[in-house]
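Hello,

Here is the structure I promised to pass on. My notes follow below it.

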Amino acid sequence: MAKMTRRWGMVIDLDKCTGCGACNIACSQENNLPIFKDDSDVPKRVTFLDLVEVTNDKDPKAQYPDVKVAYLPKMCQQCSGNDPNHPQPPCVSVCPVVATDVGEDGVVSQIWSRCIGCRYCQVACPYEARVFHWWKPRYEGTFKKSLNPDVSVASRGTMVKCTFCSHIWKRERDRAIANGVTDINAVTYTPACASACPTNAIIFGDLNDPSSPVYEAAVQKNPRAVRLVHSIDELRTKDPSEYEKRLKIKDYPNPKVYYLTSQQWLRDKISGFKNS
Amino acid sequence: MSKVINFLKDEWNSYSRNIQISLYVLFALVALFVIFGIQILFWGLGYTDMNNRFAMGLWIIGDLGFVALGGGAFFTGFLLYIFRVDKLQSLINSTVLIGFMCYLFTFILLVFDIGQPLRAWFGYAYPNWGPHTMPQSMLTEVVWCLTFYFIVLCIELFPIILSNKYLDRYPAIHYFAHYLHKLMWIFAAIGTFLSFFHQGSLGGGMWGVLYAKPYWFRHHYFYLAIVAAIAGGPCLMMLVPKIASWVAKKELVPKDAYMTLAKVAGVTFIAYFLFRIYDIYSLWTHFAPLFDRSFIDMMGGYYGWWVITLELLASLTAIVILNVKKFRENDQYFMAGLISGVFAIVMLKVDVLLHGFSIPNFSWEGFFTYNPTFQEWSIFLGSIACMILIYMWFTRYIPLFPEKHAEAH
């Protein structure tokens, strides 16, 4: 079997995003996420992909009519740590029971049935991407009949997260093997959120593949690209020596999700606290 | 049966009116602990105010506080059995019991706090050791080290229980307890070794390794937690017998023992205070800028400045009272010093947890708040009530204070 060379990543064009929420619904349906009677209790809501409203209304300079709003689909950013060849996402090493791990393709996985629900990984995650089943998951009426058999239903008291729909990759891999294709790197797939996006704002692919629209080396050069709370990216070009120095002091999340936007205020808000 | 009822009636009537009222309150809290404990275990953590943003709350603050303050047991044992500070002999039984209860209730609160208590054994069956000999996850280290140290505390407590006058009548039990007691220095040494690790990992390392979190990530946090436990732990170990003496209206521990331990605690509190000032300074000038965050901005919100100010003021009060002989030897000041010492360490944990979680991760978010629900308060206060009842029971039936016991003989 060939070694896995794919490194899955995502590019989300916020200028194309209309905030319709189709990605959120597709994700919830694909991953068997429960719907509670009161899902207005946002901090306890179980959702892998949160559609976050970002606004500059607290900025004293941005008075009406200059107040701006954008929608940001936020899921697990599939962090790598400083060295993508030896990925160290902040949430993986902290798990006391090895319920979460990072695969050769860079996807951070979670085994629901191994999780003891200590929530230490949730504490470690800087992106608020991990969610906990505070209540017993319930599936009202006929909803239970439409559950996805490829995704196990999590119990109450366990941590769950976005896995870039890696079960779809496994399904595609099995199909490829059935068709006689044994090269693991020949298998490609699209997660539910990217499939559902009506404006093609969410693009998924291999960050290592030069022919992919998400080829990382090209995306990093894109002036519209910004990563979530990752202001150190600025230093890579502005002050390379400081950048290298910081990488020696500590790990940075180094997420595999890039956001694109031409709006400076939004880039400032997303990149962190430095310019916002 | 009637004998038992009569015995219980006599016992109850032997207490003063004030103690009886206190017992009513404690039993009520224990009842709430049981009722809401069942609710949380069977229906889940949805009944708490914790959420996906504020993932840990009152019970973990309690755990961190219990372990840091219970750490006084390892330090007092270390001084007595390894450094041979014999004056502490009269404090050691009480100290072991307090340490035992602190660790026991840390486990109990953890059982409520984890989402899948029936899977708690996974921590032993599937530990995250990582590629090297040291555990990869700080929580793995905490689980194993707490377990081992709790076993040590059980062994240390065993001869104390066996010295009950009814059990002590049997020669076999008497000699077993006697020789177990003689071997106690070995367990004190093992306990010290283990305690250094988990004090560091639970109190500091667990937070210091979170490299993506600006208020927690610090290389030295592990060591700060150890010093905090050494400074604050002995304060609780003195405060509890002091309160017991006040309730019993007689001195249960000789003043010498208090003064000896108080001097050590006073000096370690100076070390802790200086270390904490360095800690805040390094966070301000080095660690927060690594995240492109400003320390001043992070200290906003509901639990920022006032928590850290109270913590530092309490530390200073403890330093002054425990180190100045005139204050230390005055009973009221001494109590104030001990309370300040315990309070300072509790506030350190409040700062780590409550303020740490309230800080926003994204620039468009505000600070978060957390108000523990009635269930959380009931389980937390019920745990403390259980600990008080166990201590009262031990004071009555087990020779917890050898000097007082010898006088009675």
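**Confidence first**

In chain B, helix α17 (residues 402-408) has the lowest confidence, with a mean of 58, while helix α13 (residues 305-323) has the highest, at 96. The score is pLDDT, the predictor's confidence in each residue, from 0 to 100. Helices here are DSSP runs (H or I, at least four residues), numbered from the N terminus. Where pLDDT is low, the predicted coordinates should not be read in detail. Chain B as a whole has a mean pLDDT of 91, and 98% of its residues reach 70 or more. For the complex, the predictor gives an ipTM of 0.93 and a pTM of 0.93.

This is a predicted model, so to speak of local features needs pLDDT of at least 70 and side-chain atom pairs count only at 80 or more, while totals for chains, interfaces and linings use all residues. Residues are numbered from 1 along each chain as its sequence is written, and chains are lettered from A and ligands numbered from 1 in the order written.

**Where the chains meet**

Chain B touches chain A through 36 residues, against 45 residues of chain A (contact: C-beta atoms, placed from the backbone, within 7 Å). In chain B, α6 (122-125) and α7 (138-162) each supply at least two residues of that side. α7(B) gives the most, with four.

**A helix pair in chain B**

α5 (residues 89-113) and α10 (residues 221-248) of chain B pack at about 110°, axes 10 Å apart. Axes are lines fitted to C-alpha atoms over the stretch in contact, and angles run from 0 to 180 degrees between N-to-C directions. That makes α5(B) roughly perpendicular to α10(B) (65 to 115 degrees).

Best wishes

Note on methods:
Contact = placed C-beta atoms within 7 Å. Parallel < 35°, antiparallel > 145°, perpendicular 65-115°, else oblique.
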